[in-house]
Amino acid sequence: MILSALNLLAVALYLIATAALAWPLLGEGRPPGGRMPLVVAAAAVLLHATALLSMHRGALDLHFFAALSLVACVVSALTLLVNLTRPVAILGVAVFPLSALLVAIDGFVAPPTVPTPMDWQIKLHVTIALLAFSVLSIAAVLAIGLAVQERGLRHRQFGPWLRALPPLTLTESLLFQLIGAGFALLTLTLVTGALFVDNLFGQHLVHKTVLSILAWLVFGALLFGRWRYGWRGRRAVNLTLSGTALLVLAFFGTKAVLELVLHRSM
């Protein structure tokens, strides 16, 4: 009963924060102002984390829906951290409703699961991978925002949503900062995987490993191109979304097939 209440309250607070952030955009296109929506979102993240710890026995549960909910919680927390230094509360309009959906699915729809015991080395590897995926997921949301801004400017379509987005240079600068941080974390993920995972190319891991390496190459090429050739704009957006898509397939593609189609655990 208490757990259901935690999940419901987390969902409600995520949606309230989303509405508070989106409401100014429905009128004059003013940027979301004030700290109230972010305070509400912070309370939602705390309730989300508490519910996760309660449902999954305080352990890292990597079953499909539990992992999705955990990623959503981390992405929401990182969105709040980014907003401490950059005025990109608009990110919450995309992130927080998705978190609400995943909380609801994990809490009320998904079957109960038992976390698989892991050594501390594997927990470290998984934690770094989770942070890398979360940071690069936020970068992907920013990349979409950047594409919307550039398209609007190119076609002279200055709608309320476009006016509410941060300046183009700020969005682009933050995008590459996040990609740089995510690339460093992804590098650590591959290094810890090579050190701690017994058979990195074994059954159920080969696809994840190969796709993660491909994503690492994509993000590495983007950062090199930015440094050496000044890549930006559509090329940066396309490479960011391509790298993130590879990571989604690596982290959740095989897991979805095994658990939802074949009904087997990894």
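What follows is a short exchange of questions and answers.

Modeller: Happy to. This is a predicted model, in which local features need pLDDT of at least 70, side-chain atom pairs count only at pLDDT 80 or more, and totals for chains, interfaces and linings use all residues. Residues are numbered from 1 along each chain as its sequence is written, and side-chain values use heavy atoms, with hydrogens and water left out.

Biologist: How many helices and strands does the protein chain have?

Modeller: Helices (H or I, at least four residues) and strands (E, at least two) are DSSP runs, numbered from the N terminus. Reading the protein chain from that end gives α-α-α-α-α-α-α-α-α. The count is therefore nine helices and zero strands.

Biologist: What percentage of the 266 residues in the protein chain is buried?

Modeller: Buried means under 20% relative accessible area, exposed over 50%, and partly exposed in between (1.4 Å probe, protein chains only). For the 266 residues of the protein chain, the buried share is 47%.

Biologist: Which residues touch the most other members of the largest nonpolar core?

Modeller: A nonpolar core is a set of buried Ala, Val, Leu, Ile, Met, Phe, Trp, Tyr and Cys residues joined through side-chain atoms within 4.5 Å. The largest one here has 72 residues, and those touching the most other members are F96, L178, L247 and F252.

Biologist: Why does this core lie between domain 1 and domain 2?

Modeller: Domain bounds come from an automatic or database domain assignment. The elements giving two or more residues to the core include α1 (2–22) and α9 (233–261). The core lies between the domains because residues come from both domain 1 (1–116) and domain 2 (118–265).

Biologist: How is α2 oriented relative to α3?

Modeller: Axes are lines fitted to C-alpha atoms, for helices over the stretch in contact (heavy atoms within 4.5 Å), and angles run from 0 to 180 degrees between N-to-C directions. The axes of α2 and α3 come within 10 Å and cross at roughly 150°. Angles under 35 degrees count as roughly parallel, over 145 as roughly antiparallel, 65 to 115 as roughly perpendicular and the rest as oblique. So α2 and α3 are roughly antiparallel.

Biologist: And is α7 oblique or roughly antiparallel to α8?

Modeller: Their axes, those of α7 and α8, come within 10 Å and cross at roughly 140°. Among the residues making the contact are F176 and F183 of α7 and W216 and F219 of α8. The angle makes α7 and α8 oblique.
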